[in-house]
Amino acid sequence: MSDKDETAENRLRKELPEEVPAAEAEEAASEEAAKPGLTGRQRLAQGLWPPRVTRAQLIVALLLFGLGFGLAVQVASNSDGDSALRGARQEDLVRILDELDDRTQRLEDEKAGLEKQRQELENSSDQAEEARKQTVEKERQLGILAGTVGAQGPGITMTIDDTKGTVEADMLLDAIQELRAAGAEAIQVNGVRVVADTYLTDSGKSVSVDGNKITAPYRFKVIGKSQDLEPALNIPGGVVQTLEKEQATVAVERSTKIVVDALRAAKQPDYARSSSQ
């Protein structure tokens, strides 16, 4: 072999890796197998690093950064306000406290004024409601006395049966006057309401009440205290005995509910006016 060929062979051997004997290769493989496996912490570290950042994670990170920045600015502004008060002079602090006290007093005065107005409105409302109730009650009472509204309550029913035709208007008028004196509050005779200016006249063998002709039997419906009304009619020499002398039959019956439903039209006086006008 020539020197040139030997030199080329040596250069080729230098460029190629050295051959490892088979025994040495087996020994290296056994050493690798003998090495212990990776721990859980090591595998976790390999999984987290290098980090794999997704788009969603990047957006969340930016939002958290903005929130933290805003909180930092807010805390800084509050700190600046506190530091401004700490750095103020004593005279300035006294002035600020005086202004706060004045504002508090004005608010307290305004609150007291509003409370007073509320109480006045409530009182006026209560007074107006009470006045309205009294007016309605007074109107109802006057309507009962005037005969313009119906009425009901305890009382008596008196029936006069005049078969002989001897009962005259003045006898019925005496009965009405006796009932009024005993406390009668509403009276009705045969469908005619009896009021303060009621008048009775004889009309042949019958009687007229305020121009309305009525015939026997005469039926009185009276509202009042029955314990007072019935005895007033039965006193010696009273209404019942007088009518019985005229051969009339009188029946008086007490009741817990008497309904007086005959009405009179409201009459407007021609000359009298309220003194308050």
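How do the residues of the lining of the second largest pocket divide into nonpolar, polar and charged?

## The second largest pocket

In this predicted model, the lining of the second largest pocket divides into 6 nonpolar, 4 polar and 2 charged residues. The residues that line this pocket are Arg-140, Gln-141, Ile-144, Leu-145, Gly-150, Ala-151, Gln-152, Gly-153, Pro-154, Glu-185, Ala-186 and Ile-223, and the elements giving two or more residues to the lining are helix 5 (90-146) and strand 1. The space in the second largest pocket comes to about 170 Å³.

## The largest pocket

The largest pocket holds about 230 Å³ of space, and its lining is made up of Ala-146, Thr-148, Val-195, Ala-196, Asp-197, Arg-264, Ala-265, Ala-266 and Lys-267. By class, the residues of this lining divide into 5 nonpolar, 1 polar and 3 charged.

An open sheet is formed by 5 strands in the order 3-2-7-1-8, with antiparallel pairing. Strand 3 (192-194) and strand 8 (249-260) stand at the edges, and because each has a single partner strand, one side of each is left without a neighbour in the sheet. From one strand to the next, the twist averages 25°.

Within this sheet, strand 1 (residues 151-161) pairs with strand 7 (residues 218-223) in the antiparallel sense over 6 bridges, and Thr-159 stands opposite Arg-219 in strand 7.

## The helix across the sheet

Helix 6 (residues 169-181) lies across strand 1, strand 2 (186-189), strand 3 and strand 7, and the helix runs at about 10° to strand 7.

Notes: Residues are numbered from 1 along each chain as its sequence is written. This is a predicted model: local features need pLDDT of at least 70, side-chain atom pairs count only at pLDDT 80 or more; totals for chains, interfaces and linings use all residues. Side-chain values use heavy atoms; hydrogens and water are left out. Two strands pair if DSSP finds at least two bridges between them. Helices (H or I, at least four residues) and strands (E, at least two) are DSSP runs, numbered from the N terminus. Axes are lines fitted to C-alpha atoms, for helices over the stretch in contact, and angles run from 0 to 180 degrees between N-to-C directions. Contact means heavy atoms within 4.5 Å. On a 1 Å grid over the protein atoms alone, a cavity is a set of points where a 1.4 Å probe fits but cannot get out, and a pocket is an open set with protein on both sides within 12 Å along at least five of seven lines; lining residues have an atom within 4 Å of a point. Grid points are joined across faces, edges and corners, and a volume is the space filled by probe spheres set on the points. Ala, Val, Leu, Ile, Met, Phe, Trp, Tyr, Cys and Pro count as nonpolar, Asp, Glu, Lys and Arg as charged, and the others, Gly among them, as polar.
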